[in-house]
Amino acid sequence: MKCRICNSKRISEVINLGKQPLANKYPKKKLELTNEKKYSLKILFCKNCRSGQIKKIINRNILFEDYYYLSSVNKKLTEHFEKLAVKIQNYNFVVDIGSNDGILLKPLKELKVKSIGIDPSINVGKIANDKGLETFIGFFDNKIIKRILKKYNKPDLIVASSVVTHLKNPIKFSRDIKNFIKKDGTIIIEIEYLQNFLKNLEFERFYFDRPFYYSANSINKLFKNVDMTLYDIEKIDIHGGSLRCYIKNSVSQKITFRCKKILDDEKRNLSINAFKFFNKKIFLNSNILKEKLIYFNKKKLKVIGYGSPARVSTITNVAKIDSNLIRYIIDDSPLKQNRFSPGMHINILPRKNNINKNIDIVLVFAYEYFKDIKKYFGKMKVKFYKPIPFRKL
């Protein structure tokens with residue numbers, strides 16, 4: 001098998017997370033629960049471009065046409081895109097690939113920046129269009145590019161935040177970007193950072209929605225192949241620590257010192273040996289989490305979860321945690337409420353009427369937003385824990 005990012009044969013399996021359901025499909029009806037499918041989740045690592053990728057890629061239409069993730073329900077993420085909008089307000093025409101419910105389009109519109117979105121999710125794209133945030137519904141490909149260019153000129157800026165990890169064919173994506181953007185135009189790509197997964201023991205970030213897991217080196221090689229230059233990188237704090245990569249449609253763009261430093265650091269530290277150590281810690285810490293929940297259950301303590309991002313699926317299915325150990329999970333997205341978590345089928349409920357004095361323990365799955373979550377519990381005497389690695393918050 002060859003790497004799907006750089007075509008190298010220097011690729012091998014490093015992690016096996018067993019049978020996993022689709023992490024962003026939240027079953028509701030009995031038939032959905034009964035017919036839920038699971039697939040083998042194996043992660044490969046490419047030594048050449050230092051990327052991670054899932055061995056089996058699930059059909060993108062199954063995953064994204066009906067989707068349950070809304071960016072704008074997340075306050076911290078909303079603030080992140082409001083700041084990005086200010087940063088890019090001097091561009092003439094911005095296209096946001098993977099625009100979701102218009103989380104970036106909204107502040108751009110308020111700043112009077114000409115902008116449109118592209119998103120494959122029919123239900124989520126409709127939400128954006130209903131708000132007056134022009135969104136082309138479909139996957140980013142030649143077909144949708146032609147539709148856009150019939151109405152607009154080529155953009156001088158393309159934004160793709162948390163998008164390249166979801167692609168089926170990254171090489172084709174880079175070629176399509178090259179054909180779509182203006183000469184000397186800029187691309188901003190935000191990636192959940194593979195090296196941070198290992199550093200922070202974030203194995204829960206592996207799931208089928210995301211076949212690819214990037215380093216700066218893999219982004220560099222992907223776009224270098226189409227004569228574009230990764231010239232700058234910012235470290236940003238969303239999604240547990242991400243990279244904002246700046247890419248120019250030019251081969252002559254100078255590279256910043258901080259960009260070179262990150263590229264060099266990965267060559268030293270992102271390796272097969274690092275993955276071997278990481279793999280051992282995955283199952284050790286999954287067992288610790290389950291043992292703690294069994295202990296709480298024996299003590300007759302009521303445990304609930306807060307936040308049902310896709311990582312809930314990976315964590316609970318690896319650790320085999322069900323509603324006997326976590327009574328229910330509260331989530332603020334109306335698309336997930338009154339459904340069940342993938343695979344282990346823990347009930348997902350709205351916050352209203354489900355925060356009460358009977359709760360003893362809250363397992364915070366959306367731990368990046370703990371400060372906001374904690375406020376909902378007021379002066380209640382509850383203990384909060386991060387699931388992996390298990391620790392008190």
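Start by selecting Thr-186 and Lys-248: in this predicted model, Thr-186 sits opposite Lys-248 of strand 11. Now widen the selection to strand 8, residues 186-192, and you'll see it run antiparallel to strand 11, with 7 bridges joining the pair.

Next, show strand 11 by itself, residues 242-248. Is this strand buried or exposed? All the way along, 7 of the 7 residues are buried, so the strand is largely enclosed by the rest of the structure.

Now bring in strand 10, residues 229-236. Strand 10 also pairs with strand 11 in the antiparallel sense, over 7 bridges. Pick Ile-233 and look across to its bridge partner in strand 11, Cys-245. Then follow the hairpin that links strand 10 to strand 11: there are 5 residues between the strands, and His-239 has a positive phi near 55°.

What does Ile-189 touch? Leaving aside residues up to four places away in sequence, its contacts are Leu-243, Arg-244, Cys-245 and Ile-247, along with Ala-160, Val-164, Ile-219 and Phe-223. Ile-189 is also one of the residues that touch the most other members of the largest nonpolar core, a set of 48 residues. Colour the others in that group too: Ile-97, Phe-140, Ile-177, Ile-187, Ile-219 and Phe-223.

Last stop: a second, separate core of 42 residues, where you can pick out Val-14, Leu-22, Phe-197 and Ile-346, among others.

Methods:
Residues are numbered from 1 along each chain as its sequence is written. This is a predicted model: local features need pLDDT of at least 70, side-chain atom pairs count only at pLDDT 80 or more; totals for chains, interfaces and linings use all residues. Side-chain values use heavy atoms; hydrogens and water are left out. Buried means under 20% relative accessible area, exposed over 50%, partly exposed in between (1.4 Å probe, protein chains only). Helices (H or I, at least four residues) and strands (E, at least two) are DSSP runs, numbered from the N terminus. Two strands pair if DSSP finds at least two bridges between them. A nonpolar core is a set of buried Ala, Val, Leu, Ile, Met, Phe, Trp, Tyr and Cys residues joined through side-chain atoms within 4.5 Å. Contact means heavy atoms within 4.5 Å.
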